[in-house]
Amino acid sequence: MQRRIGVHVHDDLLTLALTHRSYAYEHGGIPHNERLEFLGDSILGQAVTVKLYRDHPLLDEGDLAKRRASLVSSVALAEVARGIGLGEFVLLGRGESLSGGADKSSILADTVEAIIGAVYLDAGGDVATALVLRLIEPLLDDPHRFGAALDPKTSLQEAAAHHGAPAPQYLVTDSGPDHNKTFHATVTVQGLVTATGDGTSKKNAEMAAALRAWTEVTAGDGAASR
């Protein structure tokens, strides 16, 4: 994991960043990564805000806020996590692991934030900021992704229409106790793609699935670069 993020972090701190609460509860209530996630969220937001402010002097506050929202969203961070293969390193409880937790957008996004927090504590603010910018660079290089990340369901519907396909169809299920449900969405664009996503609400799960489907649909025909 250290090689993949390009930063040395002490083993104990990095292990903590990778420890999901489900694993912690199954191992006697050991510490988990939610405090680091809280810290990393703040570092991430600041780094992205400063980057956008400096790089886009002509954008107003509203446009800057929309771009920041797309870059720090769970959907975007989960994509970043999949790009570095983070899922194989996350420590999960048995039940979470069996239910596909290693590829859940919410878990992946939270773990990215926890790693950023760990880097901040171990190596300082400058190194943590550099990591954030390195991680989100692929998203910054694709300005069309801003719109897709903010409204992936509409973007997917437009991509489907571009291909002459019917409107996307969504199926949502949920699991877990009432106070901590996880929603799982499957979206199908007939003849083009089927993709899945998850989130802490039906809306977030559908958005995660839609963005993954949009990415697949537009990757092959250049639609994302027009």
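Which residues in α11 meet which residues in α12?

## Basis of the report

This is a predicted model, in which local features need pLDDT of at least 70 and side-chain atom pairs count only at pLDDT 80 or more, while totals for chains, interfaces and linings use all residues. Residues are numbered from 1 along each chain as its sequence is written, and side-chain values use heavy atoms, with hydrogens and water left out.

## The helix pair

Pro 152, Lys 153, Ser 155, Leu 156 and Ala 159 in α11 meet Glu 206, Met 207, Ala 210, Leu 211, Ala 213, Trp 214, Val 217 and Thr 218 in α12, where contact means heavy atoms within 4.5 Å. By class, this contact has 9 nonpolar, 2 polar and 2 charged residues (Ala, Val, Leu, Ile, Met, Phe, Trp, Tyr, Cys and Pro count as nonpolar, Asp, Glu, Lys and Arg as charged, and the others, Gly among them, as polar).

Helix α11 covers residues 152-162 and helix α12 residues 202-219, and the two pack at an angle of about 35 degrees with their axes 8 Å apart (axes are lines fitted to C-alpha atoms, for helices over the stretch in contact, and angles run from 0 to 180 degrees between N-to-C directions). Their crossing is left-handed, that is, the near helix is turned anticlockwise from the far one by less than a right angle.

## The sheet

An open sheet is formed by 3 strands in the order β1-β2-β3, with antiparallel pairing (strands, E, at least two residues, and helices, H or I, at least four, are DSSP runs numbered from the N terminus; two strands pair if DSSP finds at least two bridges between them). The edge strands are β1 (169-175) and β3 (193-199), and 7 bridges join β1 to β2 (residues 182-189).

Helix α12 also packs on this sheet, touching β1, β2 and β3, and its direction makes about 145 degrees with that of β3.
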